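I opened the model to look up a few things chain by chain. My notes follow the structure.

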Amino acid sequence: MAVLEVHDLGIRFGGLQALEAVTFKADEYEIVGLMGPNGAGKTTAFNCITGFYEPTTGTISYRGRDITSLRPDQRAALGIGRTFQQVGLVRTMTVLENLLTAQHARIRYGAASGMFGIPNALVEERELVRRAMEVMDFMGMTRLAHTPLAGLPYGTLKMVEASAVLATDPDLLLLDEPSAGMSPEESHEFGELLLRIRKQLGVTIVMIEHHVPMVVAVCDYIYVLNFGRLLAQGLPAEIQSHPEVISAYFGEEETYGAA
Amino acid sequence: MGQFISSLLIGVVTGSIYALLAVGLVLIFKTQRVVNFAQAEFATMGAFGFYAFHNLGGLGYAAAAALAVLGSGLLALVVERAVIRPLREARDVTVFVATAGVALFIVSMTLFVGDANIRQVEPLFAGNPEFTLSGLPISYQQLLVIAVLAVVAVLLTIFFKLPIGRALLAVSREPFAVRLAGISTSRLSMLVWVLAGLIAGLAGVFFAPTTQVTPGLFTQLALFPALTGAVLGGLTSLPGAVLGGLAVGIVQSVASVYATNLGVPGPDTAIVFIILLAVLFFRPEGLLAREA
Amino acid sequence: MATTDSARPTIQLPAQPVEAGNSRPQERFRPSAGGWAARYAVAIGVVTFIFVLPIIVPDESAANLVISAAIFACVALSMNMLTGYLGQLSLGHQAFFGIGAFVAATIVTSNGLPFVAGLAVGGLSGAFAAIILGGVALRIRGLYLAIVTLAYGLLAENSLFLIRGLTGGGAGLPADRPAGFATNRAYAYICLGMLALLFAFDWRLMKSKAGRAILAIRDDEKVAATFGINITGYKLLAFVLSGIYAGLAGSLYAFQIGNVVAAPFNLALALTFVLMAVVGGLGNRVGVVIGGAFFATIDTILELVHSFFIWLGGLVGIHWGHGLDPTLAPVIGAALLVLTLIGHPGGIGQQIAPLQNWVRGGKFTLHGGDKPAVVSGGGSVGRP
């Protein structure tokens, strides 16, 4: 059974058809790439999957369950983790606090127990810290645990964001341009990290990515969107040589390289 | 019916004050994304200024009125330079709190320098002549308030046809482009605040004789209805602010006449509250907004 | 389409445990035994000082100031919950406070129930008043919501509190203190106890998942939702808690003055509440409590400062003018608000942050401590 199945997804904003009849899926442990020129509707698709937008047509299923009508936080609690183009973190907190906040959905004690300082809650809080440290250890971020986010460089924030999403204990990871702003070496390292995350944590990943070498190196399967429609799909090697994709997307490669 | 017509007229008079303040609020919001809590206090200062120049200083009516209005403009300029300018990078709600602090400062300053006594400001027409409409006395001064709104509306329409006015509108649409075009946003900001201050000053000077002047008068009387009027017009539309202000005044006046029978205190506040919530819930872009 | 789905390989992963790494967190400073002793001494000293205040103050009117300070500090915690933690400016807090006061008086006087019941129902009524506004806050945000809170407070002030049947009109509602607490000195202990209770509750809250959820919502609702936080639920929770704090404070206020009338619950009071939270330092629990206590007693503080200067002048033979204008306090308060926003957005809280950090077991450094939580406003309107 596919981890994520998007079927016939369509959404209109006023007069603009942002997505139309988009169908794609991600199988267990796959790393699926979502490509396409700017404005093709990739992030819009993510927003539909995570529940920020209500699609006009179509369904979104997670492990066979139709989640189209769930709230964003309910989808997150099911195990759908997501990163943002503009780093999605709680900016006024430290790195550790972010990782604690990210574990919200998996906390067993009730909100009231926490407020009244019930021992169970205190014990579990310690467990949360331990788990946050474990994630930071995995990501090599432990050094920064008590650092406030304000003032951290963009690249580091991206890594903190990835750590926070891992702390939500996801089963499906949606990454929105994870390598944006990274140098070729950094994005290569990030690609390695993604493979390691999949291998060790057993997650399925769908990523929006422009950086072609990384997509080719990391993704198992690729979907290409253009003007809100699915233009092509296939293995990385096939996509690279797909004539329509080349004209719609790779033809503009210089533009993206510069961006 | 007669009662209805007279309450309508009273509504237009108070609505004119709301509209004048709403225009200032919209001018500032449109260009700077600042909601100015102190807008109504610029009007109160106009009334106090007039009282000081005319009743205490012995200046003639026109001179005192002109000085008072200019004083309000100057006050707005000082607020812009001293408070708004340093906060230009701050969040919108922070600036809102700051302008509330300015309003509080002005009110408490008037109490500190002067006192809480009621002051009677002299009307333009000696003896404050009145006529009676369906049993309700209406003074010429009250009609004058409506005339002031009309004059301000015409002047603003002309102003926005001038190059400087067009630049100002451009700021509200494309702040970045305007900076590129070499127009000083800092100077435009000053201009907007002075304009808003002058308009509020006019409202203060001409409305004051129809009521009793106390510290914080316009903040108590008109700030909330004027804000609602501005929101009703969409917060960025000047014609919307005029119509919104007038609409709030009329609805409030008519409703309070008929609600006295209900025995609910403060029907004028309640009705404005309902208007505000209804607009924000069902048409947050304002009644005059065009379909996207 | 380039390929059929059948060409898509299936990914198989071997089950593998997470390897334990060996990097260590940055060593945090740990004070020595003597250092801890000094920190405990300071903390205990401050708490003791606060709790002996009702005894050591010279007279009943001074004890009344302690009551006011405690009650305003509770309101400051309430403002902080909404404006500091959740980031929603409230200009209508006189409504929650006033409703708490009127309901508590009604429960005790008209219904003849005990004082504790008055407090409890007063607190709940504040929560009720707040949750209505919270419902509005689910649809309307930022600046617009601030305008709605302003309207809400004005509605309570001009309409609700003037309904004779509910609030006794001009005569007001009497509210007698419980037996044994008739004196200000004794009643001050109830108020300080309530403050301590709310303070401790607030502290635990912010160290638990609910507190983190509220802060996350303030910073970015989308991110919060991505972390699995129920935005609606925790927003309403913050409103409810803020309402309970303010309702409880209002109830205490009812028994402080003994006869509740509508007049004090006006816009000026709401602005004072904003003032003390902002000057105290939004988001900083200790800061806002100090801010609340300061603005509750500002007249007396100014009077003391004034007489100190007269005394100082007398020593060197200068005779200052006598008598202090009581209208000076609001001028200073308003000026402090504006100056805080422009110059020190973190307020008192930011100034005392190094000290707080030290007491918590950190090093004393002027650059330590928390970042200020600047009033934030949701996404409805942004400034260019």
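**Chain B, overall**

I began with burial: 54% of the 292 residues of chain B count as buried, where buried means that 20 or more other C-beta atoms, placed from the backbone, lie within 10 Å of the residue's own, exposed means 12 or fewer, and partly exposed lies in between. This is a predicted model, in which local features need pLDDT of at least 70 and side-chain atom pairs count only at pLDDT 80 or more, while totals for chains, interfaces and linings use all residues. I number residues from 1 along each chain as its sequence is written, and chains are lettered from A and ligands numbered from 1 in the order in which they are written.

I looked up the secondary structure of chain B next and found 11 helices and two strands. Helices (H or I, at least four residues) and strands (E, at least two) are DSSP runs numbered from the N terminus. The order along the sequence is α-α-α-α-β-β-α-α-α-α-α-α-α. The radius of gyration of chain B is 19 Å, close to the 19 Å from the globule rule for 292 residues, so chain B is as compact as a globular protein of that length. The radius is taken over C-alpha atoms, and the rule is 2.2 Å times the number of residues to the power 0.38. I noted a box of roughly 60 × 50 × 35 Å for the C-alpha atoms of chain B, along the principal axes.

**Strands of chain A**

I checked which strands pair, which takes at least two DSSP bridges between them. S1(A), residues 4–13, runs antiparallel to S2(A), residues 16–26, with seven bridges. A:Leu9 sits opposite A:Val22 of S2(A). Two residues separate the strands of this hairpin, and A:Gly14 has a positive phi near 55°. S1(A) also pairs antiparallel with S4(A), residues 57–62, through five bridges; there A:Glu5 faces A:Ser61.

**Chain B against chain C**

I counted 35 residues from chain B and 40 residues from chain C in this contact, a contact being two C-beta atoms, placed from the backbone, within 7 Å. On the chain B side, H4 (92–113), H9 (217–232) and H11 (267–282) each give two or more residues. H4(B) gives the most, 15 residues.

**Chain C against chain A**

Here 41 residues of chain C touch 54 residues of chain A. Which element supplies the largest share of the chain C side? I found H8(C), with seven residues.
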